[in-house]
Amino acid sequence: MDAFSDLANGFANAFELQYLIYAAIGVTLGTFVGVLPGIGPALALSLLLPLTYGFDPTGALIIFAGIYYGSLYGGAITSILLNTPGEAGSVATAIDGYPMAKAGRAGPALATAVMGSFFAGIISTLGLTFLAPVVANLAKSFQATDYFALMVLAFVSVTALVGTSIIRGMVSLFAGLFVGLIGLDFLTGQQRFTFGAPELLGGIDIVIVVIGLFAIGEALYGLARLQLAKEEKVEFSGRIWLNKAERKRVWKPWIRGGFLGFIFGSMPTGGSEVPTFLSYNLEKRLSKHKDEFGKGAIEGIAGPEAANNASFSGVLVPLLTLGIPTSATAAIILSAFQIYNIQPGPQLFETSPDLVWTLIASLFIGNVMLLLINLPLVKVWIKILEIPKELLYTGILVFGVLGVYSISGSLIEVLIVCAIGVAGFFMRVYDFPVAPAILGAILGPMMETQLRRALSISQGDFSVFLTRPLTVVLLLVAVAVLVLPTVLPRILPRRNDADKVGAE
């Protein structure tokens, strides 16, 4: 019953006028961001980080959360009408969404996406409400070795599952870990990788890293691709609402996708890529209309879009209860917490209960707003696709640089963010994932703290990591996540070849 009473208190706060306005701003801005091809929630949040200094923590996090799940729906619009997913989680939606739009059924496709996002958002937020306090209570028994192993698992999971190459993911991760080490050693006070520059004694602010890699790097990459991009827009016409036959086909995929998205979002793998494709494959297997998949099956939109939206509430479980971000966007939200000197983790539900439960209540409210705002405004969002991309990316560059300068007033930090932005551009060009670098920069110092704490307690004995069963299990899972993607593709073909030989 505690969860119900805490949630009721959260609703009492969330229904205050200022927080209702913040939620409306968040979902509206998030949908706007999602509609613009190539402008995902991570980029938007990185640009807005400097503005959070003027908000109270609860208001800032409500806006950030609204932008996150609002953009997940907005990405469906570009996937369906342009065949251009704005985020990795929207790729599966484009498989059947774009063929539906080309067949003159863009309205039902978009309605399926927004209503699926709503129902899945409610399901996943209920899961967050009741699961997060349980996880937080369990995490109170965690020791330094457990946290170290958990962070290793988060690093390995994101590195192995994001991008096409584990090697590139590891390079990105270690680059982020290097950035996290810059500054003064927290135990000895010695300088590390400062190269004699006094501006680096305090380390590189994570806001600078985020804006550089996402805002500056993405904008440069977007400008470079403008000459090659060819967008074939499908005109929107006809009805928006689903008919009876379509409603009968989508409600089960909405429910299944909601559960899949929340479950996989709560895992250390995090993100929306895995559950959206799992949902697509599941609906293809269960559907009575298998021949329509790839040609405009409405279940191919309903399931993945539900999983995409539900994954956000799932991502909040490890973020709020353990302080572990499992996606790039969650890492940026973690940095917003750190701006206010708030550390998510097991104690957060006790030290800042009003913040946590107001945020969770605002997710319910924001989901309703998402439905009420987006269904009538579909044609308005489509008009946004006509904004010249040159102006858009140039504006991102300007606001990104001004945002960094507004924080510190330091020209050195402006030069640092530009250098990081150029590095981010080349990472995109050569297909190095950005998420591991962000996680490395944010979690690296935290992981080092837990490692050195464990070693100081054991007087330098590394066997301390083998004395706790939970630590051992987490480390073994991390090894499995790292090794299996490399080993399985080599084993399975051999088995297939052996089967063929036996058949002959």
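A crossing of two helices is called right-handed if the near helix is turned clockwise from the far one by less than a right angle. In this predicted model, the crossing of helix H8 with helix H19 is right-handed in that sense. Two packed helices are described by the angle between their axes and the distance between the axes. For H8, which spans residues 166-181, and H19, which spans residues 435-457, the axes come within 7 Å and cross at roughly 50°, and H8 is therefore oblique to H19.

From H8, the contact draws on Gly169, Ser172, Leu173, Gly176, Leu177, Val179, Gly180 and Leu181, while H19 contributes Pro436, Ala437, Gly440, Ala441, Gly444, Pro445 and Glu448.

Elsewhere in the chain, Pro41 belongs to helix H3, which covers residues 41-48. Pro41 has a relative accessibility of 0%, and because buried means under 20%, Pro41 counts as buried. Although Pro41 and Phe214 lie 173 residues apart along the chain, their C-alpha atoms are separated by 9.9 Å.

The chain has a mean pLDDT of 81, with 87% of its residues at 70 or more. Over residues 494-504, however, pLDDT stays under 50, and the model shows zero contacts there beyond four places in sequence. Where pLDDT is low, the predicted coordinates should not be read in detail.

Methods
Residues are numbered from 1 along each chain as its sequence is written. This is a predicted model: local features need pLDDT of at least 70, side-chain atom pairs count only at pLDDT 80 or more; totals for chains, interfaces and linings use all residues. Side-chain values use heavy atoms; hydrogens and water are left out. Axes are lines fitted to C-alpha atoms, for helices over the stretch in contact, and angles run from 0 to 180 degrees between N-to-C directions. Helices (H or I, at least four residues) and strands (E, at least two) are DSSP runs, numbered from the N terminus. Angles under 35 degrees count as roughly parallel, over 145 as roughly antiparallel, 65 to 115 as roughly perpendicular and the rest as oblique. Contact means heavy atoms within 4.5 Å. Buried means under 20% relative accessible area, exposed over 50%, partly exposed in between (1.4 Å probe, protein chains only). pLDDT is the predictor's confidence in each residue, from 0 to 100.
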